[in-house]
Every structure is written in C-alpha cells, then in structure tokens.
Amino acid sequence: MTTAQSAPEDRGLPFNVFAKSCPSRGTLEHVTGRWGALTLGALYEGSLRFNELRRRVDGVSEKMLSQTLHALERDGLVHREAQLTNPPRVDYELTPLGREVAEHLLALIRLLEDSMDTVLEARERYDAARGAR
C-alpha cells in the first residue's frame with residue numbers, strides 16, 4: 001500500500017497531514033504546489049479550456065499542467081468536461097470543494113501580493129547581512 005492510499009479500516013480515523021502516511025498529505029501537496037495553487041486560482045474565475053488555462057498560468061508546460069489537472073481531478077477539486085465535437089473540446093472547472101479551497105488560496109495570494117514591499121525589504125536586509133552571492 002502506497003502512502004497515497006489508506007486501508008478501508010483506516011477511513012474512520014481522523015486525518016493528520018503531519019503523519020507521513022496520511023492521504024491528506026498528497027492532496028495538500030497537489031493544492032499548495034506551484035502549479036496546483038495557480039491552476040486552482042485561475043479556475044476560480046470560471047471554466048477554462050486547456051490552452052486558455054495554460055496561457056493564464058504563465059510559465060507552466062503542457063506536461064506539468066496536464067499532470068496537475070489529473071491530480072486535482074483525482075482529488076475531487078477539478079471537474080473535466082469532454083465534449084465529443086470536432087475538434088474535441090475539453091473544459092475544466094472547479095468542483096464545490098475546489099472552489100472552497102481556491103478561495104482560501106486566493107486569500108493567501110492576496111496577502112502575499114499586498115506584503116511584497118515588506119518581503120522585498122526583508123530580502124534586501126538578509127542579503128546585505130550575509131553578503132549576497
């Protein structure tokens with residue numbers, strides 16, 4: 001059994017992200033990883049097609065976005081809607097849980113953006129005290 005799985009008899013136990021075998025740790029990694037957080041934040045604005053999402057999440061490769069979307073879909077945070085048209089159309093949107101998670105992420109993102117002057121000043125002090133390399 002991998003760390004991403006739990007035995008059915010364990011499902012009644014409380015989850016603890018600090019325990020290495022807890023399945024919540026994998027979901028936390030998917031949500032808080034660079035591409036997961038940005039993908040969830042981008043989808044908060046509404047449903048997007050793959051290439052629209054890739055343009056919105058500047059810098060993500062096609063492979064990484066695909067892997068991120070698969071992980072978030074598996075965790076129940078993103079819904080994938082494939083339409084049998086020519087050419088095929090695939091849309092991604094947040095599930096209700098994904099929306100709730102994205103709201104918290106966006107609050108953190110806003111806090112960080114609003115605090116960047118303080119962060120940059122702290123970096124300058126740190127680098128000056130240690131003789132920036």
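**Exercise 1.** Classify Arg56 as buried, partly exposed or exposed, then find its salt-bridge partner.

*Solution.* Start with the cut-offs: buried means under 20% relative accessible area, exposed means over 50%, and partly exposed lies in between (1.4 Å probe, protein chains only). Arg56 has a relative accessible area of 45%, so this residue is partly exposed. Next, look for a salt bridge, meaning a side-chain nitrogen of Lys or Arg within 4 Å of a carboxyl oxygen of Asp or Glu. The partner is Glu45, with the closest N and O atoms 2.7 Å apart. Arg56 sits in helix α3 (residues 50-56) and Glu45 in the loop between α2 (34-43) and β1 (48-49), so their pairing ties together parts eleven residues apart in sequence. Here helices (H or I, at least four residues) and strands (E, at least two) are DSSP runs, numbered from the N terminus. Glu45 itself is exposed, at 57%.

A word on the model: it is predicted, so local features need pLDDT of at least 70 and side-chain atom pairs count only at pLDDT 80 or more, while totals for chains, interfaces and linings use all residues. Residues are numbered from 1 along each chain as its sequence is written, and side-chain values use heavy atoms, leaving out hydrogens and water.

**Exercise 2.** How many salt bridges does a search of the whole structure find?

*Solution.* The search finds three. Besides the Glu45 and Arg56 pair, Glu62 bridges to Arg54 at 3.5 Å between the closest N and O atoms. Glu62 is partly exposed at 47%, and Arg54 is partly exposed at 31%. Arg89 and Asp91 also meet, at 2.9 Å from N to O.

**Exercise 3.** Is Asp91 buried or exposed?

*Solution.* Asp91 has 9% relative accessibility, so it counts as buried.
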